[in-house]
Amino acid sequence: KEIANIPRTHVSGLFDMGAAFSQGVYRIYSNPILSAKAFTEGAKQFFSEKAHDQWLADLRSSPEFKLLKDDMKIAISDPDGKISEQEGVIIAKYANFLYNTIARAITFGYRPATKLIQSLNPILASQRAFDGYMNYIRVNSALKLAKALENDGYTPESNPEVFEQAGDFVNTTTGRASLGKEIEKSANWLSTVFFAPRKVAAELKLFTPYAFIYYAKMPAAVRKRALLNFGTFAMSVIASHTLLKAALDAVRGDDEEEDREFWDSDSPNFMSFKIGNQRVSFLGGAKTTIVFMSRLWGDRFVDQFGRESKFGERFGKKINTKLELFFRFGLGKLAPTPGVLRDIAEKPNYEDYDEIYQNVIMPIWLQDAKEMQKDNPAEMQALFHLLGFVGANVRTVNPDSMKDKIVFKEKVRGEEVKRNIDLTEDQIIDFQNIYNNELKKKLRLINTEINRAADDKERAKVVDAAREK
């Protein structure tokens, strides 16, 4: 199980400063100043193991430590396990062991060189940066909320459930939601199958109709503060995206087509900024969850090219029913190892398996950079790479590569085999024209035969023969 999870460490935590937009996106908008301080702390710990260890030591010796750990049960990541255990710790240890072993091998055991390479371990540095950011944002958000509750007359001794629920809200809004008593027992195994089960749970609690239940279960004192915090988040998202979109539209002028899907929650381009063939989103998994819920409750499906269709009419597509929508949403949350098995199963005749295997060891931001490298002008590459590095979702959408499929069925050794052929948009139009012309020819022939028929009985035979064809 742990070995299968090693790729997840490489994909999500190798030279990566993406904690802010991957798990801390809610706090970026609801607590922007605190998030900026957390990013600075994460960067400091990326470059210094000593700074990382000192920060945790200061936390353990602080007077607020008991409140955070015991009363609010804040999820504090600690590689030594002295504060709290996390699923990623075991995985990181295996990945670090692999890195250190390789370091000894390439230096032929020469200790000075081995120690130098091991001190530059990018896995440890990235883990420190991620933990540094998330620990800082969780601890300070929790202390701020605890102080507000104490000002209202609540204390951990007299109102333990209030402070525990407050801690749960902080954990949830930083991507570490509780999975429930029964599911918690299988948390480690869930993290083997899914990339970040606690993060998915957090997004479902905050950005789906389940939020009504989640907030309703909170004590009144916590609910009031939580709803105010969510209001700040929502207004900050709308204001920042409106202003940035207006600025981009002003810069582009009339040369760039307006992003019609920007406010369309059925589209993957929802609240994504269009810059050439790039789509940049600063909402992390929140956007994915909102689009999923919008499609689930509605009947429209808008793809990344802006093409609109309806469920039940998307013949030959991966998503044509609400059940398939659920299925694809779950597949999109798979961890790298089961994700590779999914890709191989979906592409049995795929010619370039190297691309699939690269996605097991290549960090997410480098995967995005690889795609951007194909199309971006040189002067824009650094900007998009930087955005990907800090956790923004950056993807390439090339309209020229729009493809659909036609499916041919044939018999091979007595068994029916389906063969898919990709068609570009121009080829689809050509194919449709050919099909329509052939259909018109056949209809004209059938009409001629019907007119030549002597009576209704013969006309019926012509119609039946045409239906069989």
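This is a predicted model: local features need pLDDT of at least 70, side-chain atom pairs count only at pLDDT 80 or more; totals for chains, interfaces and linings use all residues.
Across the whole structure, a search finds eleven salt bridges, and I will pick out a few of them. As a general point, side chains of opposite charge can pair when their charged atoms come close.

Let me begin with Arg300 and Asp266, whose side chains meet in a salt bridge with an N to O distance of 2.5 Å. Arg300 sits in strand 3, residues 300-302, while Asp266 belongs to the loop between helix 15 (220-252) and strand 1 (272-275), so this pair ties together parts that are 34 residues apart in sequence. Asp266 counts as buried, at 9% relative accessibility, whereas Arg300, at 26%, counts as partly exposed. Both residues also belong to a network of salt bridges in which Asp264 and Glu308 are linked with them.

Next comes the salt bridge between Asp303 and Arg307, where the closest N and O atoms are 2.8 Å apart. Here Asp303 is buried, with a relative accessible area of 14%, and Arg307 is partly exposed at 26%.

In the salt bridge between Asp70 and Lys69, the closest N and O atoms are 4.0 Å apart; Asp70 is partly exposed at 40%, and Lys69 is partly exposed as well, at 32%.

Finally, the surface carries a nonpolar patch of about 280 Å², made by Leu98, Ile102 and Ile106. Of these, Ile106 lies in helix 7, which covers residues 87-106, and because its relative accessibility is 54%, Ile106 counts as exposed.

Technical notes: Residues are numbered from 1 along each chain as its sequence is written. Side-chain values use heavy atoms; hydrogens and water are left out. Patches are made of residues with over 30% relative accessible area and no salt bridge: like charges are joined within 9 Å, nonpolar side chains (Val, Leu, Ile, Met, Phe, Trp, Tyr) within 5 Å. Accessible areas come from the Shrake-Rupley method with a 1.4 Å probe; for residues, only the protein chains shown count as cover. Helices (H or I, at least four residues) and strands (E, at least two) are DSSP runs, numbered from the N terminus. Buried means under 20% relative accessible area, exposed over 50%, partly exposed in between (1.4 Å probe, protein chains only).
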